[in-house]
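Please look over the structure shown here.

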Amino acid sequence: MAVCLSPTNGVVFFGNGPYELSPGIDVSKSLTYTPLILNPVNLIGGFQGESSSEYFIGVKSIKVDGKPVPVNTSLLSIDANGDGGTKISSVVPYTSLETSIYNSVVNAFVNALAQRNIRKVAAVAPFSACFNTKDIGFSQGGPIVPPIDFVLQSEKVVWRVSGANSMVRVSNDVLCLGFVDGGPLHFVDWGIKFTPTAIVIGGRQIEDILLQFDLASSRLGFTSSLLSRKFSCSNFDFKSSTN
């Protein structure tokens, strides 16, 4: 199964490719693959001892603007309780990061923009890092800002978040980094928000990216942003008999 979502619509393909967004444009040829990881614990309910049906991948490190971000790497692995790791969710609107990871990523991102003389402005909930749009250039792929890379099984396999996938326009004058604080990984106090998963890659970050869920081979195929190639998931030709 393959999924391609845009802010306005999207398409789901069942079976293997080709995946043509328009006649003659097969985006499956540019897929990069990473293993799908089984979480032995079902975190969303079900029978005791049942494994999760959610889609997890193995993030090993994070970079902002090509530079490693200090994170507690133990949070990136799934423990015996099913906590930690990275999953993909179209239900969560924005990528959620465990608090310590979130703080490291946001600090690195803010510092990288400061070096480009991009002014930080007041936060707009649920985001904490917001900037003056007048300082930011734009391209086919969206706002020109430092990329955030989720490094997977090797340094050569990277899920890159940049441009339209990383930034959210909250007003004419303000763009915010579209990541949110998911809270600590475990309960600290009953009044404190927590998350069982360290990184949840949300809807904003999977827009205009083709995702192929190959359960037979236990792998995920993904493209870079199609916007940078002047395509979008909304380009799918529903009238074409070849799709």
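## Strands 17 and 18

In this predicted model, strand 17 and strand 18 (residues 174–177) run antiparallel and are joined by three bridges. Arg 169 faces Leu 175 of strand 18 across the pairing.

## Aromatic pairs

How many aromatic pairs does a search of the whole structure find? There are five. One of them joins Tyr 94 and Phe 127 edge-to-face. The centres are 4.9 Å apart, with 80° between the planes. Tyr 94 sits in the loop between strand 9 (86–88) and strand 10 (95–98), and Phe 127 in the loop between strand 11 and strand 12, so the pair ties together parts 33 residues apart in sequence. Tyr 94 is partly exposed, at 23% relative accessibility. Phe 127 is buried, with a relative accessible area of 6%.

Trp 159 and Phe 222 form a pair that counts as stacked because the ring planes lie at 20° and the centres are 5.2 Å apart. The cut-off for stacking is under 30 degrees between planes. Trp 159 belongs to strand 16 (residues 158–161) and Phe 222 to strand 22 (residues 219–222), so this contact ties together parts 63 residues apart in sequence.

## A charge over a ring

Arg 219 places its charged end over the ring of Tyr 33. The distance to the ring centre is 3.7 Å.

## Strand 7 and its partners

Strand 7 (residues 61–64) pairs with strand 15 (residues 148–151) through four bridges, in the antiparallel sense. Ser 61 is opposite Val 151 of strand 15.

Strand 7 also pairs with strand 8 (residues 67–68), again antiparallel, over two bridges. Val 64 has Lys 67 of strand 8 as its bridge partner. Strand 7 and strand 8 form a hairpin, with two residues between them. Asp 65 lies in the turn and has a positive phi of about 55°.

Key: Residues numbered from 1 in each chain as written. Predicted model: local features only at pLDDT ≥ 70, side-chain atom pairs only at ≥ 80, totals over all residues. Heavy atoms only, no water. Pairing = 2+ DSSP bridges. Phe/Tyr/Trp six-rings, centres within 6.5 Å; stacked < 30°, edge-to-face > 60°. Buried < 20%, exposed > 50% of the residue type's maximum accessible area, 1.4 Å probe, protein only. Lys NZ or Arg CZ within 6 Å of the ring centre and 35° of its normal.
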